[in-house]
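Subject: The structure I promised you

Hi,

Here is the structure we talked about, with my notes below it. Have a look at it first, then read on.

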Amino acid sequence: MKSKAKRQTKKPAMDADATLKKLGERIKQLRIERGYPSYEYFAYEHDISRAQFGRYENGQDLRFSSLVKVINAFGMTIEEFFSEGFE
């Protein structure tokens, strides 16, 4: 007797570079919406390394703890942060 295995639908693999680019775009969008034309001033006011923050906006790799710090600086929850641009 053969058992029928359920077919699992394969989800498309996540492209890390594309996702980091989306993260950077979202971070930049939120900064500008909050009235900060300069990423350096936003980073300075929220005690985030200006060089690092610039890299985040450019879509370079960042640690989860750094992302949480940025999201907190925007006064948002993780759910709110990811509610746009990550469909």
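In this predicted model, the largest nonpolar core has 18 residues, and those touching the most other members are Ile27, Phe53, Val70, Phe74 and Phe81. By nonpolar core I mean a set of buried Ala, Val, Leu, Ile, Met, Phe, Trp, Tyr and Cys residues joined through side-chain atoms within 4.5 Å. Buried stands for under 20% relative accessible area, exposed for over 50%, and partly exposed for what lies in between (1.4 Å probe, protein chains only). Two or more core residues come from each of α1 (16–33), α2 (39–45), α3 (50–57) and α4 (64–73). The element names follow DSSP runs numbered from the N terminus, with helices being H or I of at least four residues and strands E of at least two. As background, nonpolar side chains in soluble globular proteins tend to be buried together.

A word on the ground rules: numbering starts from 1 along each chain as its sequence is written, and side-chain values use heavy atoms, with hydrogens and water left out. Since the model is predicted, local features need pLDDT of at least 70 and side-chain atom pairs count only at pLDDT 80 or more, while totals for chains, interfaces and linings use all residues.

What does Phe74 touch, leaving aside its neighbours within four places in sequence? Its contacts (heavy atoms within 4.5 Å) are Ile27, Leu30, Arg31, Arg34, Phe42 and Phe53.

Next, α4. Its buried residues are Ser66, Leu67, Val70, Ile71 and Ala73. Looking down the axis of α4, these fall within an arc of 155°, so they line one face of the helix; the arc is taken from the directions from the helix axis to the C-beta atoms. The cover over the buried residues of α4 includes α1, α2, α3 and α5 (78–81). On the other side of α4 you will find Phe64 and Asn72 exposed. Just after α4, Gly75 takes a positive phi of about 70°.

Together with Ile78 and Phe82, Phe64 makes a nonpolar surface patch of about 280 Å². Patches here are built from residues with over 30% relative accessible area and no salt bridge, joining nonpolar side chains (Val, Leu, Ile, Met, Phe, Trp, Tyr) within 5 Å and like charges within 9 Å. The areas come from the Shrake-Rupley method with a 1.4 Å probe, and for residues only the protein chains shown count as cover. Ile78 belongs to helix α5 and is partly exposed, with a relative accessible area of 35%. If you want a sense of distance, Phe64 and Arg34 are 22 Å apart in space, C-alpha to C-alpha, and 30 residues apart in sequence.

Now the charged pairs. How many salt bridges does a search of the whole structure find? It finds three, where a salt bridge is a side-chain nitrogen of Lys or Arg within 4 Å of a carboxyl oxygen of Asp or Glu.

- Lys21 and Glu25 meet at 3.5 Å, N to O. Both lie in helix α1, four residues apart, which is about one turn of the helix. Lys21 is exposed at 52% relative accessible area, and Glu25 is partly exposed at 44%.
- Glu84 pairs with Arg26, their closest N and O atoms being 3.6 Å apart. This pair links distant parts of the chain, with Glu84 in the segment after α5 and Arg26 in helix α1, 58 residues apart. Glu84 is partly exposed at 40%, whereas Arg26 is buried at 4%.
- Glu57 pairs with Arg31, with 2.5 Å between the closest N and O atoms. Glu57 lies in helix α3 and Arg31 in helix α1, so the pair ties together parts that are 26 residues apart in sequence. Glu57 is buried at 12% relative accessible area, and Arg31 is buried at 3%.

What else surrounds Arg31, apart from its neighbours within four places in sequence? Besides Glu57, Arg31 is in contact with Tyr36, Pro37, Ser38, Tyr39, Phe42, Phe53 and Phe74.

Finally, Asp15 sits in the segment before α1 and counts as partly exposed, at 45% relative accessibility. Asp15 and Leu30 are 15 residues apart in sequence and 23 Å apart in space, C-alpha to C-alpha.

Cheers
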